[in-house]
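Could you walk me through this model in my viewer, one selection at a time? I would like to know what to pick next and what I will find there.

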Amino acid sequence: MKILMTICCLFLSVLSFASQIPEWARKDFERKGLKDKFELADYLRPSFLESDLNGDMSTDIAILVVEKQTGKKGIIILHQNDPNVYILGAGNSFGDGGNDFVKMESWKIINDVTIRRNDRIRTGIEVNFMEKSPAVIIFDGKEYNWQVQEG
């Protein structure tokens with residue numbers, strides 16, 4: 001009986017998490033077939049981040065996911081006006097995080113990011129991994145890049 005209750009509670013927590021994601025993102029996640037390969041996850045708080053990540057003046061979303069087949073953790077980024085899906089980790093190698101973001105301890109949106117070339121980018125995602133320097137995930141107009149923060 002305890003096992004059944006635990007399973008029910010876990011199921012309800014996943015359902016309530018999925019209902020917190022904006023409607024456009026939930027529909028996009030399903031329409032692009034991501035639901036078949038990835039589970040929405042909440043192994044960190046917050047479990048998703050919203051901001052204009054690509055500079056098109058629309059709110060985009062970064063969502064924590066787990067690849068169903070391997071259990072590898074990562075981030076999926078969806079832009080409201082972009083048919084592409086950006087998968088970071090979750091079975092796809094990305095930056096110093098590799099193909100499994102299991103060691104990611106925190107993440108947050110940061111603004112007014114300075115990158116190596118002294119260029120300024122409005123918004124990025126700061127990620128912190130165990131035993132690694134903090135990094136910022138930034139969009140260059142075509143893809144996401146891993147930028148180690150210095151100093």
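A salt bridge here is a side-chain nitrogen of Lys or Arg within 4 Å of a carboxyl oxygen of Asp or Glu. Keep that cut-off in mind for the first stops, and remember that you are looking at a predicted model.

**Stop 1: helix H2 and its charges.** Select residues 23-31, which form helix H2. Show the side chains of arginine 26 and glutamate 23: they form a salt bridge, with the closest N and O atoms 2.5 Å apart. The two residues sit three positions apart in this helix, about one turn. Arginine 26 is partly exposed at 27% relative accessibility, and glutamate 23 is likewise partly exposed at 41%.

Lysine 35 has a relative accessible area of 46%, and glutamate 30 one of 35%; lysine 35 is partly exposed, as is glutamate 30. Which residues are linked in a network of salt bridges? Select Glu23, Arg26, Lys27, Glu30 and Lys35 to see it. A search of the whole structure gives nine salt bridges.

**Stop 2: from helix H3 to strand E3.** Select lysine 37 and glutamate 67, whose side chains meet in a salt bridge at 3.7 Å, N to O. Lysine 37 belongs to helix H3 (residues 34-37) and glutamate 67 to strand E3, so this pair ties together parts that are 30 residues apart in sequence.

Stop 3: Next, select residues 60-67, strand E3. Eight of its eight residues are buried. One side carries Asp60, Ala62, Leu64 and Val66, the other Ile61, Ile63, Val65 and Glu67, and both faces are covered.

Bring in the pairing strands one by one:

- Strand E1 (residues 38-40) runs antiparallel to E3 and is joined to it by three bridges; phenylalanine 38 has glutamate 67 as its bridge partner.
- Strand E2 (residues 48-51) pairs with E3 in the antiparallel sense over four bridges; glutamate 50 is the bridge partner of isoleucine 61.
- Strand E4 and E3 are antiparallel too, with six bridges; lysine 73 in E4 stands opposite valine 66.

Between E3 and E4, look at the five residues of the hairpin, where glycine 71 takes a positive phi near 80°.

**Stop 4: the nonpolar cores.** The largest nonpolar core has 23 residues, and Ile75 and Trp107 touch the most other members. Strands E3, E4, E5, E6, E7, E8 and E9 each supply at least two of its residues. Select isoleucine 75 and display what surrounds it: beyond its neighbours within four places in sequence, its contacts include Ala62, Leu64, Tyr86, Leu88, Phe101, Met104, Trp107 and Ile137. Apart from this core lies another, of 13 residues, including Ile21, Ala25, Leu34 and Leu40.

**Stop 5: isoleucine 87.** Finish in strand E5, where you will find isoleucine 87. With a relative accessible area of 26%, isoleucine 87 is partly exposed. Leaving out residues up to four places away in sequence, isoleucine 87 touches Phe38, Ile75, Ile76 and Asn92. To end, draw a distance from its C-alpha atom to that of tyrosine 144, 57 residues away along the chain: the separation is 9.2 Å.

Note on methods:
Residues numbered from 1 in each chain as written. Predicted model: local features only at pLDDT ≥ 70, side-chain atom pairs only at ≥ 80, totals over all residues. Heavy atoms only, no water. Core = buried A, V, L, I, M, F, W, Y, C linked by side-chain atoms within 4.5 Å. Buried < 20%, exposed > 50% of the residue type's maximum accessible area, 1.4 Å probe, protein only. Contact = heavy atoms within 4.5 Å. Pairing = 2+ DSSP bridges.
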